[in-house]
Amino acid sequence: MTRLLPEGLGVADVDFAKAGGLVPGVVQHARTGQVLMVGFLDEGALTRTLETGLATFFSRSRGQRWTKGETSGNTLAVETVELDCDRDTLLLHAVPAGPTCHTGEDTCFGADALPGSFVHELDGVVAARHEEMPEGSYTSSLFSGGLRRIAQKVGEEGVETALAAVVQDDEELLGESADLVYHLLVLLRSRGLGLADLEGVLRQRHA
């Protein structure tokens, strides 16, 4: 069985009895932080999720388990499963293959209701480029150029951002800042890191 739950926790630690054998499972995009959907899991659905790495739920209307994307192909590859403090709600961090909602939208909640920022979305795009390396992509060309070249670009963008702050208008400063953030995300990804790792450091410092 895949270790998706935190170390020391297992299926038996989930309180299925409180709500008649089912617990809600909130699915969150593992890259962008966007909330994608909410489903219900029984013990068997959670076990199957942990065994296969694909989000599996229990349909209350059909009275049976189903794996997301088993007919459409729009699966949810689960990376981690978190258990809340009362042990009766699950948080599934997953990477979607295609739209999550049956309407064809990326999320069942609508783009305006998502807590994830565009920077998180951009970090997800950078991660995908790093993994797939599509031809013709500027991001792919940066990765192909190697760490030193990416680091050089970050340095250049940092200088341009500082100069824009001193001698140019707000529009130029924002433009240079956007270039800097993008190239920084690429640099982090080239080292196997991402925005979530950076946020972790900032959160730790704030605490």
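Reader: How do you know which residues and atoms the values refer to?

Author: Residues are numbered from 1 along each chain as its sequence is written, and side-chain values use heavy atoms, with hydrogens and water left out. As this is a predicted model, local features need pLDDT of at least 70 and side-chain atom pairs count only at pLDDT 80 or more, while totals for chains, interfaces and linings use all residues.

Reader: Why is the aromatic pair of Phe-57 and Trp-66 called tilted?

Author: Rings of Phe, Tyr and Trp (its six-membered ring) pair if their centres lie within 6.5 Å, and planes under 30 degrees apart count as stacked, over 60 as edge-to-face and the rest as tilted. Phe-57 and Trp-66 are 5.4 Å apart centre to centre with 40° between the planes, so the pair falls in the tilted class.

Reader: What makes Phe-57 count as buried?

Author: Buried means under 20% relative accessible area, exposed over 50% and partly exposed in between, with a 1.4 Å probe and protein chains only. Phe-57 has 0% relative accessibility and therefore counts as buried, whereas Cys-85, at 74%, is exposed.

Reader: What makes Arg-65 and Asp-42 a salt bridge, and which parts does the pair tie together?

Author: A salt bridge is a side-chain nitrogen of Lys or Arg within 4 Å of a carboxyl oxygen of Asp or Glu. The closest N and O atoms of Arg-65 and Asp-42 are 3.1 Å apart, so the pair meets that definition. Arg-65 lies in strand E4 (residues 64-67) and Asp-42 in the loop between E2 and H1, so parts that are 23 residues apart in sequence are tied together; helices (H or I, at least four residues) and strands (E, at least two) are DSSP runs, numbered from the N terminus. Arg-65 is partly exposed at 36%, whereas Asp-42 is buried at 11%.

Reader: How do you know that Lys-153, Glu-156 and Glu-157 are linked in a network?

Author: Lys-153 forms a salt bridge with Glu-156, the closest N and O atoms being 3.8 Å apart, and Lys-153 also forms one with Glu-157, again with 3.8 Å between the closest N and O atoms. The three residues are therefore linked through salt bridges that meet the cut-off.
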